[in-house]
Amino acid sequence: MFDLSYMFFDWTMLLIIPGIIVAMWAQSKVNRAYRTYSKMGVSSGISGRETAARILFTNGLANVQIQPAQGVLSDNYNPRKKTVNLSQGNYGGSSIAAVAIAAHEAGHALQHGTGYFPLRIRSLLAPVVSVASALLWPILIIGILMQFAGTFTLAVYIFLGIFVFQLVTLPVEFNASRRALAAIDAQQILTDEERYGAKKMLNAAALTYVAATLVALLNVMRFMLLSRRR
């Protein structure tokens, strides 16, 4: 049987180790920030749902629905359904983390409402990248077993697509956070001290997207090397 072990333990794996380390560090940082700020209540008592509703209404987006979502830190904005989906703790919670995250997701709705170009590009790429990511490893394994020429080259293109998607995601996420903080200031939702915590929460979350972009880039480089060797 064709030996697949080198694909996983080849020296080129060393290329992606820095990315994995950064990704683990970024995830631990956002987890710590969430644990800290999800326990700190806001003086106004406003919940995540109420925060998002206030921001959306003020910006003429009262038609965007706000819904509870399963899981922890599963918060997202669905541009197709026009829904802000907040995890249970952030939907009804009145913590600094809940307000910050709800405002961030409302920020994505504001982007959608104004036709923010990077969000439009990400929305177009998302379904394609999702399918390609799901098929990547089956394609690699089958391609190697069947000894198809160009298997690693195909992987390069898939990872390149993932990298482009992650690259486009960066301005989308940073801009949503800027909009969130601006809306929080305009609505006077948080005190100065609470706002400082909200900013730290959002900055920590942003690092996970930077790490994902780095991992995708390093995978492109790794499979380019594997492709040349083949």
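Helices here are DSSP runs of at least four residues, numbered from the N terminus. In this predicted model, the chain contains 8 helices and 3 strands. Read along the sequence, these elements follow the pattern α-α-α-β-β-β-α-α-α-α-α. The C-alpha trace spans about 65 × 30 × 25 Å along its principal axes. Of the 230 residues in the chain, 43% are buried. The accessible surface comes to about 12100 Å², and carbon and sulfur atoms account for 63% of that surface. Among contacts between residues at least 6 apart in sequence, 75% join residues at least 24 apart.

Strand E3 covers residues 83–87, and because 5 of its 5 residues are buried, E3 is largely enclosed by the rest of the structure. In a regular strand, the side chains alternate between the two faces of the sheet. In E3 both faces are covered: Thr-83, Asn-85 and Ser-87 are buried on one side, and Val-84 and Leu-86 are buried on the other.

E3 pairs with each of the other two strands. Strand E1 (residues 65–69) runs parallel to E3, and the two are joined over 5 bridges; within this pairing, Ile-66 has Val-84 as its bridge partner. Strand E2 (residues 76–78) pairs with E3 in the antiparallel sense over 3 bridges, and here Asn-78 is the bridge partner of Thr-83. E2 and E3 form a hairpin with 4 residues between the strands, in which Lys-82 takes a positive phi near 55°.

Helix H3, which comprises residues 48–58, includes Thr-51. The buried residues of H3 include Gly-48, Thr-51, Ala-52, Ile-55 and Leu-56. These residues lie on the same side of H3, because they cover an arc of only 120° around its axis. An α-helix has 3.6 residues a turn, so residues three or four places apart point the same way. The cover over the buried residues of H3 includes E1, E3, helix H4 (88–91), H5 and H7. Just after H3, Gly-60 takes a positive phi of about 75°.

Leaving out residues up to four places away in sequence, Thr-51 touches Ile-46, Val-99, Ala-102, Ala-103 and Ile-189. With the same exclusion, Leu-56 touches Leu-61, Ala-62, Val-64, Ile-66, Val-84, Ala-106 and Ala-109.

Leu-56 also belongs to the largest nonpolar core, which has 35 residues; Leu-56, Val-64, Val-84, Val-99, Ala-109, Leu-190 and Met-201 are the members that touch the most others. The elements giving two or more residues to this core are helix H2 (13–37), H3, E3, H5, helix H7 (151–187) and helix H8 (192–229). H5 gives the most, with 10 residues. Apart from this core lies another, of 16 residues, among them Val-156, Phe-159, Phe-163 and Phe-165.

Gln-111 counts as buried because its relative accessibility is 0%, which is below the 20% limit for a buried residue. A polar atom of the Gln-111 side chain lies 2.9 Å from the backbone oxygen of Val-172. Beyond neighbours within four places in sequence, Gln-111 is in contact with Tyr-116, Leu-119, Val-172, Asn-175, Ala-176 and Arg-179.

Ala-33 and Leu-202 are 169 residues apart along the chain, and their C-alpha atoms are separated by 9.0 Å. Not counting residues up to four places away in sequence, Ala-33 touches Met-201 and Ala-204. Met-201 is itself one of the residues that touch the most other members of the largest nonpolar core.

Methods: Residues numbered from 1 in each chain as written. Predicted model: local features only at pLDDT ≥ 70, side-chain atom pairs only at ≥ 80, totals over all residues. Heavy atoms only, no water. Buried < 20%, exposed > 50% of the residue type's maximum accessible area, 1.4 Å probe, protein only. Pairing = 2+ DSSP bridges. Polar contact = N/O pair within 3.5 Å; in protein donor to acceptor, adjacent residues only side chain to side chain. Contact = heavy atoms within 4.5 Å. Core = buried A, V, L, I, M, F, W, Y, C linked by side-chain atoms within 4.5 Å. Arc of directions from axis to C-beta. Areas by Shrake-Rupley, 256 points an atom, 1.4 Å probe, with all protein chains shown as cover.
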